[in-house]
Amino acid sequence: MSMKRIKIITGCLAFLIAFIACGELLKYMLIDDTGSYTRVTFHEMYEQDNIDILFVGSSHCYRSFIPEILDNNAEGLNTFNAGTSSQALDGSYMIIQEAAKHNDLKHIYLELYFNVAFSSYKDREQLTQTYIIADYLHPSLTKIEYLLNASSKKHYINSFIIARRSWEKLLDIKYIGDLISKKQTKTYKDYGYEYITGDAEWYAGKGFVANTGEIQGWNMFLEGEWNSFDFSNISNDWVHTLGDIISFCNTKGISLTLVSAPMSNFYLSGGGNYDVYIDLVNNIIKDTNVDYLDFNLCKEKYIPNVSELFKDVDHLNYEGAQIFSKVFLDYLNGVVSKEELFYASYEEKIESIAPTVFGIIYQDEQKESGELSRICKIISSGEMEYAINLKTSDNKYIEVQDFSENDVFSVTPESHGACTITYRSLDNKGIEYSVDINY
Amino acid sequence: MLFNSIDFLVFFPTVTLVFFLIPRKLRSLYLLFASYYFYACWNPRYTLLIALSTIITYISGLLIEKSNKKVKKKFIMALSLISNLLILAIFKYANFAIETLNAIFSHWGISIIDKRVDLLLPVGISFYTFQALSYTLDIYNERIEVERNLIRYALFVSFFPQLVAGPIERSGNLLRQVQSIKEKNLWDFERLRDGILLMFWGLFQKLVIADRASILVNQVYNNYYDYGFIELFAASLLFAVQIYCDFGGYTNIARGAAKVMGFSLMQNFKQPYFSTSIKEFWRRWHISLTSWFTDYLYIPLGGNRKGTLRKYINIWIVFGVSGLWHGASWHFVVWGMLHAAYQTIGELKDKAFQRFFHNKWDLDSFSGKLVKICVTFVLVDIAWVFFASNSVSHAIGIFQQMFKVFQTSGLMGIGLDSGNWAVLIMGIVILFVVDLMHEKGKGIFGIMEKQMLWYRWGLYLGLIWGTIMLGVYGIAYDTSQFIYFQF
């Protein structure tokens with residue numbers, strides 16, 4: 001080879017290295033990941049000697065499964081929680097493949113949160129849930145394939161050129177200075193937990209995020225339609241990727257179990273017919289060796305559905321996660337069986353509990369006159385009669401209705417106060433219960 | 001397939017690498033296949049139109065060469081011309097003709113044709129048709145030898161870097177290079193580097209400047225009735241920048257891509273906004289089209305050889321046709337006519353100046369040139385309003401609004417925030433400096449070539465990363481079209 005050719009090849013390689021270094025430098029200057037759980041999670045994932053049991057899924061996964069508790073399993077298997085915010089199934093599949101490359105995985109628990117199942121990958125406009133996975137996994141062809149399939153082409157520039165996502169910060173010297181200072185700290189460099197520790201929420205290791213918050217009042221503002229869970233809209237991408245994950249685990253000899261973490265009865269009953277979703281998942285796995293554990297069917301004596309255990313309507317708090325993880329550990333150790341833990345359906349679970357008003361969901365509607373009205377709907381465990389009284393923030397008492405089966409009422413938009421609902425079962429009108437809900 | 005798309009990012013390096021590696025005798029066939037694939041990515045069926053145009057002009061060339069009689073040669077040339085222009089007319093001008101006829105006859109309450117022709121305008125049809133026609137005309141005028149190899153000729157017509165938006169190449173340049181494709185030494189590092197840099201400079205013009213300017217221009221022009229003088233004036237200034245960077249950027253990418261593959265395409269722009277007259281502007285703007293019209297329309301019409309009046313008539317004809325070439329709509333015709341008027345008045349003014357102010361004003365001094373450049377720019381920019389509008393009434397509406405409403409709520413927030421403005425202004429300044437250096441005869445890449453290695457390659461890196469980071473990847477991230485693709 002002539003000297004000139006060697007010079008050119010060396011020059012090209014040097015340019016390529018300089019190009020990549022530039023990209024990394026810009027990323028360092030512009031991308032603020034100092035508060036990212038997943039940066040630490042995936043660093044820890046790669047640092048594990050061997051992960052035997054892997055948990056993947058959405059925030060319900062990383063807020064529910066506590067590896068510190070689950071590591072006490074009878075076989076002494078090492079567990080790791082690789083849940084990430086709004087993790088869709090393609091993200092779970094990516095993490096599973098990456099984890100399988102570096103570990104001798106024995107069992108995977110794939111958490112299935114239905115709300116990430118509706119959009120098709122190419123229709124995604126918001127890709128944060130994809131980037132928080134891809135940005136921290138090692139470079140590989142699988143990762144490229146993941147990014148190519150995770151969105152339409154118009155997002156590729158931001159998917160592959162990470163610094164491009166915050167280009168406008170290039171002109172913000174203060175932001176760059178502050179960010180570099182943060183990144184220069186020992187905690188950041190050592191993947192410490194300092195930056196991702198708040199008063200109520202903190203990263204607790206091996207992927208678990210603890211939160212001591214407690215749900216404040218069983219009310220929820222609904223942006224969409226009543227009965228918003230439309231499970232007929234579950235995307236083909238979701239179904240196909242679930243099939244891919246099942247095939248992958250079969251090929252690699254890894255046991256796979258699908259799992260749903262507990263959510264509040266208020267959230268599930270308010271959203272629609274949850275049993276449709278359970279049937280759908282069971283239908284997908286019916287001819288496979290995959291099991292499905294839906295902890296929303298869990299009996300109250302194991303995991304009570306009370307506000308003290310939830311940080312919001314669909315996520316467990318730290319106390320809830322501890323109770324749940326202990327129950328899950330008992331299941332892993334064979335102390336309790338699936339049959340003992342669960343009802344056959346969500347409907348059966350709701351029927352088994354005493355008549356209860358879970359809360360109210362409300363929605364703003366525009367009348368024909370153009371005036372806004374806030375419509376409230378009572379979410380309860382069955383057919384009941386309700387007497388509704390309001391105490392407004394300026395201490396006025398308003399009787400909305402005496403006992404009636406009507407479960408919808410309206411309040412003035414933007415008004416606040418307490419709503420006292422007295423209710424009784426249609427089957428037994430002799431016993432009345434009462435609940436106060438803020439609105 | 002757009003030059004600023006992910007598809008091209010995969011297509012171009014792949015095609016180039018394979019082109020470098022395949023046996024020399026397969027090069028033409030391979031590039032022809034790649035070029036048709038490039039076009040088919042937009043619409044596979046319309047590749048048949050390119051093929052048809054290619055075959056017509058190819059056979060015409062052979063027949064013209066074979067025939068001994070002048071009349072027969074002329075007949076074949078005319079047949080080739082008519083058939084190609086007929087294709088162009090059907091696909092591009094049919095609806096325009098129908099609408100115009102209906103508008104004329106509607107005065108008498110007559111509707112000539114009720115239906116519109118439901119045909120998609122083939123991308124780049126005006127470009128490749130003109131390129132193919134130039135071949136027939138050059139053969140007829142015995143300027144070049146006939147090409148007997150169909151593959152080589154088809155590649156000349158469809159060479160993908162310049163297929164959809166030019167430059168409109170002549171057989172004397174591109175066909176000659178295709179003919180010597182086997183002899184090309186492709187592994188030339190300096191050429192490859194310069195080609196890639198030219199492509200990135202084009203991408204910088206398109207993504208960083210043109211597409212950013214288009215955000216404000218589209219917002220203001222599409223809703224002109226909501227804005228006043230300041231906004232409309234700013235939009236008009238920015239459109240001048242946008243169209244230059246859009247088309248100039250496209251041309252640079254095309255020339256760069258061709259250069260990487262060992263081809264040299266003609267220069268299409270020479271710092272047009274430094275022109276001191278409209279006549280000069282047209283020697284600097286879309287040079288390949290101007291020279292095409294000069295050689296194949298203006299000169300055959302008689303050029304300036306048949307008296308002053310005839311010369312001006314010829315200018316008006318050429319600019320009218322040029323307007324129509326740009327689009328089947330009256331606002332393009334008005335744009336062309338405005339340029340004809342500028343040129344006519346400009347020449348008359350020059351004569352008057354010669355006579356009355358000959359010794360009083362030195363128009364070749366710096367200040368004189370500056371005034372001329374500014375005046376030319378203003379005139380060009382006024383005409384651009386017609387070009388950028390959807391119709392003549394739209395353009396008139398913009399002018400009326402411009403001089404009716406003088407209050408403003410500022411330029412911030414019309415699609416561009418302070419960060420985008422800063423990048424846009426920085427981009428325009430860089431463009432100005434680069435053009436100024438070219439104007440002084442100092443090519444920017446030539447200057448960079450003389451710098452120290454680390455400094456030079458640092459600038460190259462800066463250009464590439466600047467384009468990647470600061471590029472607008474279309475409004476709402478949809479890859480945006482090049483303006484000249486529609487022609």
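**Where the chains meet**

Modeller: Keep in mind that this is a predicted model. The area buried between chain B and chain A is about 2000 Å², with 77% of that coming from carbon and sulfur atoms.

Biologist: How many residues of chain B are in contact with chain A?
Modeller: Contact here means heavy atoms within 4.5 Å. On the chain A side, 21 residues take part, and on the chain B side the number is 23.

Biologist: Which side chains meet in a salt bridge there?
Modeller: The rule finds one salt bridge across the interface of chain B and chain A. Its N to O distance is 2.6 Å, and the side chains are those of B:Asp7 and A:Lys153.

Biologist: Which element gives the most to the side of chain B that touches chain A?
Modeller: Elements giving two or more residues to that side are α1 (6-21), α8 (189-222), α16 (418-439) and α18 (453-470) of chain B. With eight residues, the top contributor is α18(B).

Biologist: How many residues on that side of chain B are nonpolar?
Modeller: Three residues of the side touching chain A are polar and four are charged. The nonpolar ones number 16.

Biologist: Now helix α6 of chain B: which elements do its buried residues pack against?
Modeller: The helix covers residues 150-158, and its buried residues include B:Leu155, B:Phe156 and B:Val157. Those buried residues of α6(B) pack against α2, α3, α5 and α7 of chain B.

Technical notes: Residues are numbered from 1 along each chain as its sequence is written. Chains are lettered from A and ligands numbered from 1 in the order in which they are written. This is a predicted model: local features need pLDDT of at least 70, side-chain atom pairs count only at pLDDT 80 or more; totals for chains, interfaces and linings use all residues. Side-chain values use heavy atoms; hydrogens and water are left out. Buried area is the accessible area (1.4 Å probe) that two parts lose on being put together, summed over both. A salt bridge is a side-chain nitrogen of Lys or Arg within 4 Å of a carboxyl oxygen of Asp or Glu. Helices (H or I, at least four residues) and strands (E, at least two) are DSSP runs, numbered from the N terminus. Ala, Val, Leu, Ile, Met, Phe, Trp, Tyr, Cys and Pro count as nonpolar, Asp, Glu, Lys and Arg as charged, and the others, Gly among them, as polar. Buried means under 20% relative accessible area, exposed over 50%, partly exposed in between (1.4 Å probe, protein chains only).
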